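Let's take a friendly walk through the aromatic contacts of this protein. Have the model open beside you as you read.

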Amino acid sequence: MNMYLIKRIEIKGLFHQYDLKWDLNPDVNILVGINGTGKSTILRIINACLSKKTAYLQEQGIEIDIESENSNQFNFDYEFVSTFDVPLADKAKIGQSESPLDKELQKVIYTVGKEKQLSFSNYRFKATNYPEIAEKVNARIRAFFDLVNDFLKETGKIIDIDRNSNDIIFHKDDLIISLDRLSSGEKQMLLILFTVFLMDEKSYILLMDEPEISLHIGWQQRLIDVIRQLNPNCQLIIATHSPSIFGKGWGDKLFFVKDLIQGS
């Protein structure tokens, strides 16, 4: 178990009346509860703490303490995956050509040069800049594409890299489909898979709020397994309504909000 993962979270002043204590698993943590119990709020508070957004916490009147295996360290590598999307027909109504999900997916694939930004383009450059690891990098990319293709096999799509533009594209029979023309569910799954792949099997914390939105039930059932496959050193903290997320072997990782709150 990596000593930089979260061991315990304590929140004082949740909704200005409750205290929360949560002893986490080193691998998978699934937060469940009915609407309005605070699942999303708890994840936002954890995210604010990890990103050191103290102003948000002060505005909410919240105190939070996060304990790791090494109490002297508070420098976690983490990602908060947001999968909210806007239907294509609604983008014109709000005056945008890209939804938040489009933007997040573009960022995780195409950003170049930002040191702390997980980016597929940055990862591919490793094969050019560091010839001694080129074989490993390219082998990981091929294995990752095989995994993506396994998810997409029922749609007949195959992921590829356009050799002229270096863009991610998809083949379906004789058609070439660009990234932005995929469905919301396909983009959402790609955002999650690319994010975890780019962790490069290093110790990371991954926060996900209702990742089941837009996902086919079969993809929901495979989600945790494939994340653990891509990065067994990733500590998952998920808020969900869907039994399909945890129904196949992860039921012992459930935490009910009502059980974590003191004095509720």
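This is a predicted model: local features need pLDDT of at least 70, side-chain atom pairs count only at pLDDT 80 or more; totals for chains, interfaces and linings use all residues.

## A buried ring and its partner

Phenylalanine 194 counts as buried, at 0% relative accessibility (buried means under 20% relative accessible area, with a 1.4 Å probe and protein chains only). Phenylalanine 120 is buried too, with a relative accessible area of 2%.

A search of the whole structure finds 9 aromatic pairs (rings of Phe, Tyr and Trp, the last by its six-membered ring, pair if their centres lie within 6.5 Å; planes under 30 degrees apart count as stacked, over 60 as edge-to-face and the rest as tilted). Phenylalanine 120 and phenylalanine 194 form an edge-to-face pair, 5.3 Å centre to centre with 75° between the planes. Phenylalanine 120 lies in helix α5 and phenylalanine 194 in helix α7, so the pair ties together parts 74 residues apart in sequence (helices are DSSP runs of H or I, at least four residues, numbered from the N terminus). Ring pairs also link Phe120, Tyr123, Phe144, Phe145, Phe194 and Phe197 into a cluster.

## A second pair, with a charge

Phenylalanine 151 and tryptophan 219 form an edge-to-face pair as well, at 5.8 Å centre to centre and 75° between the planes. Arginine 222 lies over the face of phenylalanine 151, 4.2 Å from the ring centre (CZ of Arg must be within 6 Å of the ring centre and within 35 degrees of the ring normal).

Residues are numbered from 1 along each chain as its sequence is written, and side-chain values use heavy atoms, leaving out hydrogens and water. The protein averages a pLDDT of 88 (the predictor's confidence in each residue, from 0 to 100).

Key
Helices (H or I, at least four residues) and strands (E, at least two) are DSSP runs, numbered from the N terminus. Buried means under 20% relative accessible area, exposed over 50%, partly exposed in between (1.4 Å probe, protein chains only).
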